[in-house]
Amino acid sequence: MAETQTQNHDSSPAPAGSVDVGCDMLTGFLDRLACMGKAHTMDTLAATELTFSQLRVLFALGAHGVGVESMSVHEIADQVNLSLAAAGRTVDKLVGTGLVDRREDATDRRVKRVSLTTEGRQIVDSQLSIKQDLIRGFIGRLPEPLRRGLCGALNPIVDNEVDYFSGIGDPPPASDPAPSSDSSQKANS
């Protein structure tokens, strides 16, 4: 298998431990892993006859965390990047299909709490199971030394006191804009 070489701005190969090479290798790995199950995953999702927004809401509710039984419609809208009205309509449709349950918040009747029903949980769990089965199949096909090496490389990243995932995807901190040339000239006058 050919080794991926990422080029720096000066046309020399990037060093093996560089961010660019690591990014290329991990992206290639994740893309190939994702492609393994795309057809099967898409077939099972299409069989549900749910819209993309409805699926996003189901998965947001399913990923919200064990022990957290519900989310407000506002929280759902924020999580799946829908307007409050669109999230409300999507929840209405999911309630109609029996996949989610909606009820008043115990402390504030103006807030509607949404949670998965047993049937909704089964859809989310079945999709997660498909993903886990694909990954298990891939790992099972690796020769034992590679499997050990993969576990050894991932363990200090995933099971560490340092959360390497923290802040990924957050917008960069806003920096103070530099004063315009006009204001600096006025200050010097």
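Guide: A residue is called buried under 20% relative accessible area, exposed over 50%, and partly exposed in between. The model shown is predicted, and these words are applied to its residues.

Visitor: Why is Arg110 called exposed?

Guide: Arg110 has 73% relative accessibility. The cut-off for exposed is over 50%, so Arg110 counts as exposed. Its salt-bridge partner is Asp108.

Visitor: What makes the pair Arg110 and Asp108 a salt bridge?

Guide: The closest N and O atoms of Arg110 and Asp108 are 3.0 Å apart. A salt bridge needs a side-chain nitrogen of Lys or Arg within 4 Å of a carboxyl oxygen of Asp or Glu, and 3.0 Å meets that limit. Asp108 has 22% relative accessibility, so Asp108 counts as partly exposed.

Visitor: How do you know that Asp101 and Arg103 form a salt bridge?

Guide: Their closest N and O atoms are 3.8 Å apart. The limit is within 4 Å, so the pair qualifies. Asp101 is partly exposed at 36%, and Arg103 is partly exposed at 29%.

Visitor: Why are Arg121 and Asp125 said to be separated by about one helical turn?

Guide: Arg121 and Asp125 are four residues apart in helix 5 (residues 118–141), which means a separation of about one helical turn. Their side chains meet in a salt bridge at 3.7 Å, N to O, and the limit is within 4 Å. Arg121 has a relative accessible area of 32% and Asp125 has 37%. Both values lie between the cut-offs of 20% and 50%, so both residues are partly exposed.

Visitor: How many salt bridges does the structure hold, and which residues are linked in a network of them?

Guide: The structure holds eight salt bridges. Glu75, Asp105 and Arg113 are linked in a network.

Visitor: Now the helices. What is the pattern along the sequence?

Guide: The protein has seven helices and three strands, and the pattern reads α-α-β-α-α-β-β-α-α-α.

Visitor: Why is helix 2 called roughly perpendicular to helix 4?

Guide: Two packed helices are described by the angle between their axes and the distance between the axes. The axes of helix 2 (residues 52–63) and helix 4 (residues 84–97) come within 10 Å and cross at roughly 80 degrees. Angles of 65 to 115 degrees count as roughly perpendicular, so helix 2 is roughly perpendicular to helix 4. Ser53, Gln54, Val57 and Leu58 of helix 2 make the contact with Thr90, Val91, Lys93 and Leu94 of helix 4.

Visitor: What makes helix 3 and helix 4 roughly perpendicular?

Guide: Helix 3 (residues 73–80) and helix 4 pack at an angle of about 110 degrees, with their axes 9 Å apart. The range for roughly perpendicular is 65 to 115 degrees, and helix 3 and helix 4 are therefore given that description. The contact involves Val73, His74, Ile76 and Ala77 of helix 3, and Leu84, Ala87, Gly88 and Val91 of helix 4.

Visitor: Why is Leu116 called buried?

Guide: Leu116, which is found in strand 3 (residues 112–116), has 17% relative accessibility. Buried means under 20%, so Leu116 counts as buried. Beyond its neighbours within four places in sequence, Leu116 is in contact with Leu58, Leu61, Gly62, Leu99, Val100, Arg121 and Val124.

Visitor: How much of the protein counts as buried?

Guide: Of its 189 residues, 22% count as buried. The accessible surface comes to about 14000 Å², and 56% of that belongs to carbon and sulfur atoms.

Visitor: Why can Val162 belong to a nonpolar surface patch?

Guide: Patch residues need over 30% relative accessible area and no salt bridge. Val162 has 44% and is partly exposed, so Val162 passes the area cut-off. Val162 lies in the loop between helix 6 (144–158) and helix 7 (181–188). Together with Leu154, Ile157, Val158, Tyr164, Phe165 and Ile168, Val162 makes a patch of about 720 Å².

Conventions. Residues numbered from 1 in each chain as written. Predicted model: local features only at pLDDT ≥ 70, side-chain atom pairs only at ≥ 80, totals over all residues. Heavy atoms only, no water. Patch = residues over 30% accessible without salt bridge, like charges linked within 9 Å, V, L, I, M, F, W, Y side chains within 5 Å. Areas by Shrake-Rupley, 256 points an atom, 1.4 Å probe, with all protein chains shown as cover. Helix = DSSP H or I, 4+ residues; strand = E, 2+ residues; numbered from the N terminus. Buried < 20%, exposed > 50% of the residue type's maximum accessible area, 1.4 Å probe, protein only. Axes fitted to C-alpha atoms, helices over the stretch in contact; angles between N-to-C directions. Parallel < 35°, antiparallel > 145°, perpendicular 65-115°, else oblique. Contact = heavy atoms within 4.5 Å.
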